[in-house]
Amino acid sequence: KPFTAEKVQRALQILRSTAAKADFLSVSTSKNNILRIPLEEVAYLESQGRKVYVHGMDGAQLNTITGTKLSVLSEQLPKYFVRCHHSFCVNLNAVKQIERYRFTLVSGSVVPVSQQRFSAAKEKFINFMGDRL
């Protein structure tokens, strides 16, 4: 059937809103495939070139996503994910500590925090920790 651009956009909006509620990151990997990644397994997202690498809580790489930007993916993510760098978005549930310009994760991985985004990332981390108490 022929699809209109409006119908495709509406379907993507529904998918994104459903994904946010269901705690999954849903990504279209090709015309006919959609990948669902449970957010509880994601420690951080890293962008390199035209690829986004999804890293798990143990530090291992879970998936590689091509054809989409980190900025588009970060819009789908819940509030406990923080865009801390142009190339990184981190899950605050995986963060052990924040130091000057870097997050240290429970797995021991280190995620850089840009100088420009450090104050906002630090504030979000402190608020996140306060909400968990």
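This is a predicted model: local features need pLDDT of at least 70, side-chain atom pairs count only at pLDDT 80 or more; totals for chains, interfaces and linings use all residues.
Local features require pLDDT of at least 70 and side-chain atom pairs count only at pLDDT 80 or more, whereas totals for chains, interfaces and linings use all residues. Residues are numbered from 1 along each chain as its sequence is written, and side-chain values use heavy atoms, with hydrogens and water left out.

**View 1. The five-stranded open sheet.** The strands (E, DSSP runs of at least two residues, numbered from the N terminus) follow the order E5-E4-E3-E7-E6 with antiparallel pairing; pairing requires at least two DSSP bridges between two strands. Strand E5 (61–66) and strand E6 (81–85) form the edges, each pairing on one side only. Neighbouring strands are turned by 20° against each other on average, direction ignored, with axes fitted as lines to C-alpha atoms and angles running from 0 to 180 degrees between N-to-C directions. Strand E4 (residues 51–56) runs antiparallel to E5 and is joined to it by five bridges. Val 52 stands opposite Ile 65 in E5.

**View 2. Cys 84 and Cys 89.** Zero disulfides (cysteine sulfur pairs within 2.5 Å) are found in the whole structure. The sulfur of Cys 84 has its closest cysteine sulfur in Cys 89, at 7.1 Å, which is too far for a bond.

View 3. Thr 104 belongs to strand E9 (residues 102–105) and is buried, with a relative accessible area of 14%. Beyond four places in sequence, Thr 104 touches (heavy atoms within 4.5 Å) Val 95, Lys 96, Gln 97, Glu 99 and Ser 109.

Notes. Helices (H or I, at least four residues) and strands (E, at least two) are DSSP runs, numbered from the N terminus. Buried means under 20% relative accessible area, exposed over 50%, partly exposed in between (1.4 Å probe, protein chains only).
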